[in-house]
Amino acid sequence: QQFSKSLTELLQTSSSHAELRNWLQRVAELDFQNPPAGRCADSNVVERPDLAYLVFLWLQYCDQSDIASCWLRRAVDELFHQDHTLVIALAHVLEEGGDLKAAEDALLTLLSVCGNQGVSCSAGLSHYLQMLARQNCGFDIVQEAFLKFASTIHCTWDVFMTMARLEWHRCQSKEVAIRICQQAVERFGVQEPRLFAAYADFLVLLNDVASAR
């Protein structure tokens, strides 16, 4: 309750970037006051975006969704703007609040920044495709987005499987969905044994047990 009150007061005032970081530093020090054996007692918040995410989850658990959303926005904008988990969580919050443009911009910015750094963000791309699919704007937009990113570092095998599932659930297009899975197999092959397991599970979902075997 004390930390919840202090964070609420901090977010309701014109707090600075440094004040936000100092507040999270206090949480980090509390979290690592008695670290379990084997865990590094490093309380540097610059390397602890997971702690910022735990604060967000904790506020949601306490039914303080407004403060949780405000904290998440500030944490992404001022502290951890390249953290995959935090940006994806922020996109969900923005989408649920009806700000679809901001949610889309958050994910596209993450994909752009990560791509420029040569870092894959397959989770961000999967969430972006799923978000587009939830909008009533025609599935062709989802297909175009997938094709746009298909040759990028972000389009890993799990993104292909995400797109295959979307094709099936939204369009009931079994042939197209299987074709996408086969493209994933052709691209990644035996390098990703998890792909074959996911592909088999998907075939079972399509009631094609024989092919799954």
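Trainee: With which residue does the side chain of glutamate 192 meet in a salt bridge?

Mentor: The model is a predicted one, in which local features need pLDDT of at least 70 and side-chain atom pairs count only at pLDDT 80 or more, while totals for chains, interfaces and linings use all residues. Residues are numbered from 1 along each chain as its sequence is written, and side-chain values use heavy atoms, with hydrogens and water left out. A salt bridge here is a side-chain nitrogen of Lys or Arg within 4 Å of a carboxyl oxygen of Asp or Glu. With 3.1 Å from N to O, the partner of glutamate 192 is arginine 194.

Trainee: Is arginine 194 buried or exposed?

Mentor: The classes rest on relative accessible area, where buried means under 20%, exposed over 50% and partly exposed in between, with a 1.4 Å probe and protein chains only. Because its relative accessibility is 52%, arginine 194 counts as exposed.

Trainee: How many salt bridges does the structure hold?

Mentor: Among them is the pair of lysine 101 and aspartate 105, at 2.7 Å from N to O, with lysine 101 exposed at 53% and aspartate 105 partly exposed at 31%. These two residues lie four apart in helix α6 (residues 100-116), about one turn of the helix; helices are DSSP runs of H or I with at least four residues, strands are runs of E with at least two, and both are numbered from the N terminus. The number of salt bridges in the structure is four.

Trainee: Why are glutamate 78 and arginine 74 separated by about one helical turn?

Mentor: This pair also forms a salt bridge, its closest N and O atoms being 2.4 Å apart. Glutamate 78 is partly exposed at 24%, whereas arginine 74 is buried at 16%. The two are separated by about one helical turn because they are four residues apart in helix α4 (residues 65-79).

Trainee: Which side chain of opposite charge is nearest to glutamate 167?

Mentor: Glutamate 167 lies in helix α9 (residues 157-171), and it is buried yet has no salt bridge. For charge, Lys and Arg count as positive and Asp and Glu as negative, while His and the chain ends are not counted. At a distance of 7.9 Å, the nearest side chain of opposite charge is that of arginine 179.

Trainee: How are α9 and α10 oriented to each other?

Mentor: Their axes, which are lines fitted to C-alpha atoms over the stretch in contact, with angles from 0 to 180 degrees between N-to-C directions, come within 8 Å and cross at roughly 175°, α10 being residues 174-188. Angles under 35 degrees count as roughly parallel, over 145 as roughly antiparallel, 65 to 115 as roughly perpendicular and the rest as oblique. The two helices are therefore roughly antiparallel.

Trainee: What distance separates the C-alpha atoms of phenylalanine 160 and glutamine 183?

Mentor: Phenylalanine 160, in helix α9, is buried with a relative accessible area of 3%. Not counting residues up to four places away in sequence, it touches residues including Ile180, Gln183, Ala184 and Phe188, where contact means heavy atoms within 4.5 Å. Although phenylalanine 160 and glutamine 183 are 23 residues apart along the chain, their C-alpha atoms are separated by 8.1 Å.

Trainee: What share of the residues of the protein chain counts as buried?

Mentor: The chain has 12 helices and zero strands. Of its 213 residues, the share that counts as buried is 44%.
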